[in-house]
Amino acid sequence: MNFDTKHLVRWGIPGWIMIIILGPYFFFCFEEIREMSTSASLVAVGAFLTVTGVPLGYLLNQIHHSLFWVFPRRKWLSKITKKGSWNQYFINEINMDELFFVNELGGKKRERYQYLLSRKHELGSVTVSLGISVIIIFINNVNHKDAVWSWIYWVFVLLLCFVVWNSRNYTSSNIEIYNQHYLSESNELLDKPLPLTEDQNKNF
């Protein structure tokens, strides 16, 4: 099985960010955690959290994908979100593949589209990570009436979440424009004979 380490890092980043955000917060909030902390235990916990960050990040990635990509295309939501149904999306993807695989230029377009798509999901999963962290910190602050610093920390994480969310929306708008453009181009392509590739020309 081929496995690219970049996928491991991509999946791990949202989980590691959540751990980095919540770790210090809980450390200073709960005396029990500080009392249990020793140099040996910190190394063990650090190793455990490093490994845990990958499946956690993968889960956060899937949450983003489901909330902002899959659910809006369900039949009972598609009319409200105007995203189109799952079947319509699948058909559009097939039509765009006709454009992407027709020649070398189509391959370049496919690479660009894939980059923007992966960028959107990366930023989206980080946004979900920060968003969940914001909720957890807020609930803990309300329940335990923590010190002023904990609310300052919450505001900092909230602002960070807003910044990443804004970047995610920028990339989302970008990919939507590309999607509409490529879909229109693929529809025009399907209305006329597909040009032959270099390998196909060699056969004639």
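Trainee: Is tyrosine 25 buried or exposed?
Mentor: In this predicted model, tyrosine 25 is buried, because its relative accessible area is 0%, and buried means under 20%.

Trainee: And what about phenylalanine 26, buried or partly exposed?
Mentor: Phenylalanine 26 is partly exposed, with a relative accessible area of 23%.

Trainee: How do the rings of tyrosine 25 and phenylalanine 26 pair?
Mentor: They form an edge-to-face aromatic pair, with 5.4 Å from centre to centre and 65 degrees between the planes. Both residues also belong to a cluster in which ring pairs link Tyr25, Phe26, Phe27, Phe28, Trp149 and Tyr153.

Trainee: How many aromatic pairs does the structure hold?
Mentor: There are 15 aromatic pairs. Phenylalanine 100 and tyrosine 182 make up one whose ring centres are 5.5 Å apart and whose planes stand at 90 degrees, so this pair is edge-to-face.

Trainee: Which helices do phenylalanine 100 and tyrosine 182 lie in?
Mentor: Phenylalanine 100 is in helix α5 (residues 86–100) and tyrosine 182 is in helix α7 (residues 148–190), so the pair ties together parts that are 82 residues apart in sequence. Both phenylalanine 100 and tyrosine 182 are buried.

Trainee: Switching to helix packing, at what angle do α1 and α6 cross?
Mentor: The axes of helix α1 (residues 5–29) and helix α6 (residues 104–144) cross at roughly 15 degrees and come within 9 Å, which means that α1 is roughly parallel to α6. The crossing is right-handed.

Trainee: Which residues make that contact?
Mentor: On α1 they include Arg10, Ile17, Tyr25 and Phe26, and on α6 they include Glu122, Leu130 and Asn141. The residues of this contact divide into 14 nonpolar, 6 polar and 2 charged.

Methods. Residues numbered from 1 in each chain as written. Predicted model: local features only at pLDDT ≥ 70, side-chain atom pairs only at ≥ 80, totals over all residues. Heavy atoms only, no water. Axes fitted to C-alpha atoms, helices over the stretch in contact; angles between N-to-C directions. Helix = DSSP H or I, 4+ residues; strand = E, 2+ residues; numbered from the N terminus. Parallel < 35°, antiparallel > 145°, perpendicular 65-115°, else oblique. Left-handed = near helix turned anticlockwise from the far one by under 90°. Contact = heavy atoms within 4.5 Å. Nonpolar A, V, L, I, M, F, W, Y, C, P; charged D, E, K, R; others polar. Phe/Tyr/Trp six-rings, centres within 6.5 Å; stacked < 30°, edge-to-face > 60°. Buried < 20%, exposed > 50% of the residue type's maximum accessible area, 1.4 Å probe, protein only.
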